[in-house]
Amino acid sequence: MNHLCGLPHLNNDVSQVAIHEQETLAAFRQRFYDSAPPIEEYRSNSNIADYDVDAGEEKKDSSSHGFQYECDETNLISRRVLTPQYTIPHDKLPPSGWRPLDDCTLYRFLLADRQKDGIFDTEASFQRLMAALQFRREYRSDVIVHNIWNNLSPPAHVQKCKAMRVAIWAGTDYNSRPVVFERLGQFFSSGNAALMTEEEWEESYLYFLETHFCRMRQISMNSGVAVDRIVYFADFSGVVTSIMNRKIWKVIPLLKRLVKKVESHYPEIVDHITLFNVPTIASAAYKVVRGFLDPVTADKIELFSGVPLERFNELMGENVIPKEYGGRNDCDYPQTL
């Protein structure tokens, strides 16, 4: 969330919003800010610094949350002007996890529930957004963001999970979006899903998702162009073995849990998904997985039976494509443990 905040000229970049959608975004923004909890809800937490409130005057708090607002004696909520931030310590948030959000973030949540006819389901988007805010506070997502951004080592179990489910950031595509390659087929056949607890996999997946935002933020800082999507490529090599040894059916419940409990709170961060080296025999397993994916996400998936080098070259340079897939990228891309 708010990964473009504080970046010159990109702080609230929603240039991709069509003119006819701007009214919907404005109404969604107003509803969200009208839902801000009373100031007393912040004050009830002894760990939160008090806000400086003065009737009829604009104040800017200098503490870490960096909120700005104005208020009068009759309404302390609707007239607050809040400044979104990239991170806010979880103990600085109210129980609901509510925080000021920029238009880029609000628009992502609107897109997540846009119907096929182009109409936004704003009620579904609002409920999704509020659930995501509470989730982030409960799971201390901002601690993870802080650790990643400051190159701090993740917990040992997260590092172990990363070795058991291998994914790399190979570079950027022609649109400056981070490119992710994952050995998903090897993960299916490895049996690794049973070696860690569900809670450990959840935290590892949070590190994976928040790293997307950190990389998009860094690329945006370096390029001066707002980047708010990644592109994802999953190698299904090894999936046949997972079907034969039936280990894939032990992985699918974990994937379903990660999608429903974690990924649903991070909507619209993938531009498209390419699954390759997908054998015909895997079609049944794919149908099961597709069934619990968000429909908007599922519509972004394309499948290839082999390595689609021509398709890769349409999206990224040879220096980004790993060598084993026909490119020139000799990045560290280990096999799954």
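Colleague: In which helix is Phe188 found?

Modeller: Helices (H or I, at least four residues) and strands (E, at least two) are DSSP runs, numbered from the N terminus. Phe188 belongs to helix H7, residues 184-190. This is a predicted model, in which local features need pLDDT of at least 70, side-chain atom pairs count only at pLDDT 80 or more, and totals for chains, interfaces and linings use all residues. Residues are numbered from 1 along each chain as its sequence is written, and side-chain values use heavy atoms, with hydrogens and water left out.

Colleague: Does Phe188 count as buried or exposed?

Modeller: Buried means under 20% relative accessible area, exposed over 50%, and partly exposed in between (1.4 Å probe, protein chains only). Phe188 has 3% relative accessibility, so the residue counts as buried.

Colleague: Which residues does Phe188 touch?

Modeller: A contact means heavy atoms within 4.5 Å. Leaving aside residues up to four places away in sequence, Phe188 touches Phe236, Val239, Ser242, Lys247, Ile248, Val251 and Leu255.

Colleague: Why might one examine the two sides of a strand separately?

Modeller: In a regular strand the side chains alternate between the two faces of the sheet, which is why each face is read in turn. In strand E5 (residues 230-235), Ile230, Tyr232 and Ala234 on one side and Val231, Phe233 and Asp235 on the other are all buried.

Colleague: What is the bridge partner of Ala234 in E6?

Modeller: Two strands pair if DSSP finds at least two bridges between them. E5 and strand E6 (residues 270-276) run parallel and are joined by 6 bridges; the partner of Ala234 in E6 is Leu275.
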